[in-house]
Amino acid sequence: MSALILKSARVIDPTHRRNAIGDLYFEKGVVSATAPSGAEILDVAGHCVVPGFVDLRCTIRSREDLELALQQGYTTLLCPHKPPDEVLFPRAPKCFPLAPLTQGGEGKEMAGIEAGAHILFDSQAVGNAGLMRRAMQYAAELGAVIMVHAEDKSLSGKGALGEGKVALAWGIPSIPVSAEAAAVARDLLLLEEAGGHLHFAHIACKRSLQLIEEAKRRGLSVTADTTPMHLNYWDTNIEPYSPLARIWPPLRGEEDSLALREGVKSGAIDAVVSDHYRRTKDEMEEPFELCVPGGETLNAVWPTLWKMEMPLEEKIARLTSGPARALRLGCGHLGEGAVADAVVLDAETGEVLKTIISGHVCFSRGATL
Amino acid sequence: MIPHLLSIRELSQGDVLDILGRACRLKREGAPCTALAGKVVVKLFYEPSTRTSCSFEVAAAGLGAHVLNWNIANSSSIKGESLLDTARNLAAMGVFAFVIRHPNAGAPARVAKHIGCAVVNAGDGRHEHPSQALLDAFTLMEKWGGELRGRRVLIVGDILHSRVARSNLYCLQLLGAKVRFCGPPTLAPKAFEALGAEVCFDLDEALKDVDAVMMLRLQKERQQEALIPSAQEYQRRWGLDLRRMSKLKEGTFVMHPGPVNRGLEIASEVMDGPYNLILEQVANGVVVRQAILESLQ
């Protein structure tokens with residue numbers, strides 16, 4: 001395997017609190033402490049080199065999706081649905097499937113935990129608290145991590161928008177905050193008893209975030225993420241009935257969105273995740289409630305973080321060390337021996353200039369894929 | 001003139017007064033039977049409807065339009081065609097206006113955004129039913145000498161799921177009246193105060209100082225959804241009967257957008273009483289809908 005030297009970069013590696021100008025060495029697909037001989041040298045003076053971006057949930061339905069991920073600096077993607085084989089291409093970001101927590105994701109019986117599958121996720125709510133508790137106990141013993149979609153379906157019903165004045169005026173069935181927050185509270189109580197680690201997916205409500213912050217203060221092993229849609233949009237800054245507003249969990253109010261932004265800044269929210277799901281025309285042509293929830297968001301996460309008022313190291317952490325630690329992934333840092341996944345960023349504009357996967361430059365801005 | 005009639009909420013007071021003024025003229029002078037001659041009006045109804053559907057049909061025919069009826073029961077939407085594809089296909093035949101009834105809020109707005117012809121919302125989910133609100137306002141204005149300012153209208157029942165209540169709230173407010181909602185907390189939540197309504201759960205309290213009472217139909221499935229304990233309890237607490245009628249000030253009108261559950265939200269004796277405007281509402285519906293079609297650009 002070839003070797004690569006990134007010369008004179010500003011290396012920002014949140015895990016190791018590194019933010020300094022220097023060289024970075026890649027050899028045999030990992031980060032090396034010493035300069036390899038015969039290496040290709042890339043002079044990246046004036047640019048930043050950061051760990052490859054990690055997305056905890058995205059749906060890859062087409063090659064276009066995967067190319068977009070690569071152009072956006074992603075090197076690791078966790079996929080609730082296995083990408084079709086025909087969309088994969090050499091040097092694409094690494095896609096890892098997520099294992100179901102319950103059989104068929106139906107929330108009825110525990111799924112067998114296959115060897116190596118250490119992240120368990122049901123995209124639907126697990127309504128049965130007893131089952132959830134046993135799954136947590138089982139996962140804790142195996143060292144597996146449960147990623148939770150927090151929703152109480154008896155409260156969310158057929159809702160499609162967060163409860164409030166806007167849902168009332170649009171005439172859209174709405175979902176109270178308690179549909180998310182009660183599920184978060186339940187699982188935090190179960191976590192106290194069962195042990196292990198819990199990661200909350202796409203937190204959308206201020207109230208849930210408060211519960212998670214409080215649990216963190218008490219020392220529970222819990223992490224959380226949110227999405228760029230929930231950070232950028234709320235029910236009053238979006239066109240009524242626009243399919244853009246049809247997301248899951250549902251769009252909420254401005255106060256929730258502002259609280260989420262504060263959570264991202266403080267680190268109470270560990271990761272910003274795309275939840276990318278590119279919809280077909282058919283899936284978006286129905287009336288609002290009937291539209292399939294989703295959005296083209298792989299290209300929204302880093303631009304959203306870049307524009308936020310917070311230290312650059314922290315912005316990078318929410319896309320690298322944050323998600324990697326939350327789900328116990330080995331990647332997301334540039335320490336010696338780490339996998340050689342990195343992104344070269346324009347220090348002025350934040351633009352992704354190069355995506356490096358396992359030591360190979362897989363994307364360069366301006367070059368065709 | 002307006003491009004579409006999707007909701008009352010996005011109309012100005014001038015728009016509403018213009019439509020009501022036209023309706024007044026149409027009622028006085030009769031409809032010019034050539035106003036829409038040679039034009040095609042398509043009724044796109046994804047939900048059963050008798051009153052509204054017939055009313056629009058009579059209205060459009062009276063203006064000389066050719067009316068096409070597209071019903072969910074015998075159409076290609078059962079074969080999986082989307083609302084927008086159906087509308088695109090029909091529009092290609094040369095359509096002046098769509099009149100759309102749909103179970104989902106925002107459906108007419110989607111058609112209006114994507115298809116290049118006028119759209120009239122004939123009721124979409126729990127969002128709005130603007131032609132109903134306009135005909136209700138027209139009926140009350142006739143009774144009150146053309147002026148709604150200073151009046152208070154009480155709307156009773158399942159406000160949460162009601163497009164009629166929302167459209168009436170906006171329309172009556174635009175014309176200077178006050179609107180009070182009354183019903184069980186699960187069906188008339190306090191949250192409506194954010195839209196400018198007064199909300200009161202006790203019907204006997206709510207009936208004080210009102211000039212008109214509009215009763216809404218209670219859908220039977222609300223009981224299964226555990227939004228009310230029982231129809232009997234609903235009837236006892238939120239039904240309009242003669243005892244409650246006797247507490248109203250003289251001349252208070254009773255309205256209902258139909259269809260009525262006699263003996264549930266409204267007692268038979270009240271239905272047949274002297275101050276009920278229900279049939280006048282239906283009659284005025286035709287001229288108001290003619291005024292709407294006429295005011296489309």
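Predicted model: local features only at pLDDT ≥ 70, side-chain atom pairs only at ≥ 80, totals over all residues.
Residues are numbered from 1 along each chain as its sequence is written, chains are lettered from A and ligands numbered from 1 in the order in which they are written, and side-chain values use heavy atoms, with hydrogens and water left out.

**Chain A overall**

- Chain A carries twelve helices and 18 strands; helices (H or I, at least four residues) and strands (E, at least two) are DSSP runs, numbered from the N terminus.
- For 369 residues, a compact globule would have a radius of gyration near 21 Å, and the 20 Å of chain A agrees with that. The radius is taken over C-alpha atoms, and the globule rule is 2.2 Å times the number of residues to the power 0.38.
- Along its principal axes, the C-alpha trace of chain A spans about 65 × 45 × 40 Å.
- Of the 369 residues in chain A, 58% count as buried (buried is under 20% relative accessible area, exposed is over 50%, partly exposed is in between, with a 1.4 Å probe and protein chains only).
- In chain A, 64% of the contacts with a separation of 6 or more come from residues 24 or more positions apart; a contact means heavy atoms within 4.5 Å.

- Helix H1 of chain A covers residues 63-71, and its buried residues include A:Asp65, A:Leu66, A:Leu68, A:Ala69 and A:Leu70.
- The cover over the buried residues of H1(A) includes strands S7 (74-79), S8 (94-97), S17 (352-357) and S18 (360-364) of chain A.
- A:Gly73 follows H1(A) and has a positive phi, near 95 degrees.

**Aromatic pairs**

- There are ten aromatic pairs over all chains, counting rings of Phe, Tyr and Trp (its six-membered ring) with centres within 6.5 Å; planes under 30 degrees apart are stacked, over 60 edge-to-face and the rest tilted.
- A:Phe53 and A:Tyr74 make an edge-to-face pair, because their ring centres are 6.1 Å apart and their planes sit at 70 degrees. This pair links distant parts of the chain, with A:Phe53 in strand S6 (residues 53-55) and A:Tyr74 in strand S7 of chain A, 21 residues apart.
- Both A:Phe53 and A:Tyr74 are buried.
- A:Trp302 and A:Trp306 form a tilted pair, 5.8 Å centre to centre with 55 degrees between the planes.
- Those two Trp residues, A:Trp302 and A:Trp306, are four residues apart in helix H10 (residues 301-307) of chain A, so about one helical turn separates them.
- A:Trp302 is buried at 4% relative accessibility, whereas A:Trp306 is partly exposed at 23% relative accessible area.
- Ring pairs tie A:Phe53, A:Tyr74, A:Trp302 and A:Trp306 into a cluster.

**Backbone spots to look at**

- The peptide bond from A:Trp248 to A:Pro249 is cis, with omega near -5 degrees. A:Pro249 sits in the loop between helix H7 (228-232) and helix H8 (254-266) of chain A.
- Over in chain B, the bond from B:Gly258 to B:Pro259 is cis too, with omega near -10 degrees.
- A:Asp275 isn't a glycine, yet its phi is positive, about 55 degrees. You'll find A:Asp275 in the loop between strand S15 (271-272) and helix H9 (281-284) of chain A.
- A:Ser358, also not a glycine, has a positive phi near 50 degrees. A:Ser358 lies in the loop between S17 and S18 of chain A and is partly exposed, with a relative accessible area of 22%.
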